[in-house]
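Please keep the sequence and the coordinates in view while reading.

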Amino acid sequence: MSINPYQKYQQNSVMTASPGELTLMLYEGCLKFIKQGREAIKNQDISTQNTVIQKAQAIINELIVTLDRKQPISNEMLPLYDYINRRLIEANIKNDPTILDEAEELVMNFRDAWREVIKTTRKNQPQKQTGLA
């Protein structure tokens with residue numbers, strides 16, 4: 001079975017991404033699944049709704065598991081991740097897109113903050129030397 005060029009590109013993007021970029025990808029994926037969940041609720045497609053909201057939950061759980069507990073900020077992030085996870089469960093059970101809106105806003109805040117961290121980190125890293133000596 002061959003992989004199409006887009007799948008190959010996605011696979012390479014993940015394989016070559018830094019840990020910070022991988023975290024950003026997780027936030028983006030979570031937001032994508034929340035949006036799909038909202039659309040499925042609107043269309044009363046319970047099966048798709050359940051599947052995509054569970055995918056968003058799996059991403060939040062991955063963020064929880066990979067949280068570096070040695071960092072002081074993790075003590076603030078963990079309860080928020082847990083809250084987002086509980087809200088996703090509640091939105092799925094109640095078929096409530098407004099609960100998804102709340103979860104989406106929290107994930108967007110994390111994503112935007114993480115994007116800034118990556119930008120700042122890149123700015124502060126020394127430039128790699130390219131070219132011949």
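Leaving out residues up to four places away in sequence, Glu 102 touches Tyr 83 and Arg 87. The model is a predicted one, and Glu 102 has its place in helix H5, where a relative accessibility of 26% makes this residue count as partly exposed.

**Overall fold**

- The secondary structure of the protein consists of five helices and zero strands, and reading along the sequence gives the pattern α-α-α-α-α.
- Of the 133 residues of the protein, 30% count as buried.
- Among the contacts in the protein with a separation of 6 or more, 64% are accounted for by residues 24 or more positions apart.

**Aromatic pairs**

- The count of aromatic pairs, with ring centres required to lie within 6.5 Å, comes to two.
- One of them joins Tyr 27 and Phe 110, whose ring centres are 6.0 Å apart and whose planes meet at 10°, so this pair is classed as stacked.
- Because Tyr 27 belongs to helix H2 (residues 19-42) and Phe 110 to helix H5 (residues 97-124), the pair ties together parts of the chain that are 83 residues apart in sequence.
- Both Tyr 27 and Phe 110 are buried, and for Phe 110 the relative accessible area is 13%, a value that falls under the 20% limit for burial.
- Tyr 81 and Phe 110 form an aromatic pair that is tilted, with 4.9 Å from centre to centre and 40° between the planes.
- Since Tyr 81 lies in helix H4 (residues 74-94) and Phe 110 in helix H5, this pair ties together parts that are 29 residues apart in sequence.
- Tyr 81 counts as buried at 2% relative accessibility.
- Taken together, the ring pairs link Tyr 27, Tyr 81 and Phe 110 into a cluster.

**Nonpolar core**

- The largest nonpolar core has 24 residues, and the members that touch the most other members are Ile 34, Ile 60, Tyr 81, Leu 88 and Val 107.
- The elements that give two or more residues to this core are H2, helix H3 (46-65), H4 and H5, and the largest share, seven residues, comes from H3.
- Which residues does Ile 60 touch, not counting residues up to four places away in sequence? Ile 60 touches Cys 30, Tyr 81, Ile 84, Asn 85, Leu 88 and Val 107.

**Arg 111 in helix H5**

- Arg 111 is found in helix H5, and a relative accessible area of 12% places this residue among the buried ones.
- With neighbours within four places in sequence left aside, Arg 111 is in contact with Leu 24, Tyr 27, Glu 28 and Leu 31, and Tyr 27 is also a member of the ring cluster described above.
- Arg 111 and Leu 31 are 80 residues apart in sequence, yet their C-alpha atoms are 9.2 Å apart in space.

**Largest pocket**

- The largest pocket has a volume of about 340 Å³, and of the 15 residues that line this pocket, the closest to its centre are Thr 23, Thr 66, Leu 67, Asp 68 and Trp 114.
- The elements that give two or more residues to the lining of the largest pocket are H2 and H4, and the largest share of the lining, five residues, comes from H2.
- How do the lining residues of the largest pocket divide into nonpolar, polar and charged, and how many fall in each class? The lining divides into 10 nonpolar residues, four polar residues and one charged residue.

How values were computed:
Residues numbered from 1 in each chain as written. Predicted model: local features only at pLDDT ≥ 70, side-chain atom pairs only at ≥ 80, totals over all residues. Heavy atoms only, no water. Phe/Tyr/Trp six-rings, centres within 6.5 Å; stacked < 30°, edge-to-face > 60°. Helix = DSSP H or I, 4+ residues; strand = E, 2+ residues; numbered from the N terminus. Buried < 20%, exposed > 50% of the residue type's maximum accessible area, 1.4 Å probe, protein only. Core = buried A, V, L, I, M, F, W, Y, C linked by side-chain atoms within 4.5 Å. Contact = heavy atoms within 4.5 Å. 1 Å grid on protein atoms, 1.4 Å probe; cavity = no way out; pocket = protein on both sides within 12 Å on 5 of 7 lines; lining within 4 Å. Points joined across faces, edges and corners; volume = space filled by probe spheres on them. Nonpolar A, V, L, I, M, F, W, Y, C, P; charged D, E, K, R; others polar.
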